[in-house]
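Welcome, and thanks for coming along on this short tour. Please load the model and keep your selection tool at hand.

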Amino acid sequence: LDLEMDALDALLENKISALVVTLSEDARPFTGLAAAVDWRLGGVVSDFVTQGIITGQVGECTYLPCLRHGRTYHLIVAGTGPHDSRTVPAETYRSLNAHLPGLRLTNLGISKKDFPGASREQLVRHLKNAQFRVLP
């Protein structure tokens with residue numbers, strides 16, 4: 001069942017338990033959903049990028065639990081490579097497909113805004129091993 005609400009609001013309002021966020025390797029400051037998540041969760045993504053733990057390289061898939069105000073927010077940061085790419089690279093999909101099932105997260109959200117040009121059907125086909133909800 002998909003949700004018709006903003007992805008970050010869905011995470012913060014406990015409508016989803018985890019959120020996939022894409023991050024390019026060269027877009028600083030962050031843009032899109034990564035920027036919003038980073039700001040609302042106190043710079044957690046920025047901290048890991050500054051430390052070199054998250055780079056945004058194609059195929060990178062980082063699970064990032066974030067404790068704020070007594071609640072754990074589960075983020076999966078997926079690297080998409082250079083910012084000039086207009087679509088999410090196939091390697092990013094392969095990495096998510098390989099890693100998401102092992103996390104055993106239920107009620108995972110994926111925002112179509114972070115996967116430009118991908119329809120719901122394409123997301124389901126590319127991420128066939130993962131259970132998720134599509135958000136606008």
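Are tyrosine 93 and phenylalanine 115 buried or exposed? Select both: tyrosine 93 is buried, and phenylalanine 115 is buried as well. Keep in mind as you look that this is a predicted model.

Stay with these two rings for a moment. A search of the whole structure turns up one aromatic pair, and tyrosine 93 and phenylalanine 115 form it, in a tilted arrangement with 5.7 Å centre to centre and 40 degrees between the planes. The pair links distant parts of the chain, 22 residues apart: tyrosine 93 belongs to helix α4 (residues 90–103), while phenylalanine 115 sits in the loop between β4 (108–111) and α5 (120–126).

Next, select helix α2, residues 32–40. Colour Leu33, Ala34, Val37 and Asp38, which are buried. Now look down the axis of α2: the buried residues fall within an arc of 130 degrees, so they line one face of the helix. Show their surroundings, and you will find them packing against α1 (7–12), β1 (18–23), α3 (44–50), β3 (71–79) and β4. Just after α2, pick glycine 42, which has a positive phi of about 75 degrees.

Definitions and conventions
Residues numbered from 1 in each chain as written. Predicted model: local features only at pLDDT ≥ 70, side-chain atom pairs only at ≥ 80, totals over all residues. Heavy atoms only, no water. Phe/Tyr/Trp six-rings, centres within 6.5 Å; stacked < 30°, edge-to-face > 60°. Helix = DSSP H or I, 4+ residues; strand = E, 2+ residues; numbered from the N terminus. Buried < 20%, exposed > 50% of the residue type's maximum accessible area, 1.4 Å probe, protein only. Arc of directions from axis to C-beta. Contact = heavy atoms within 4.5 Å.
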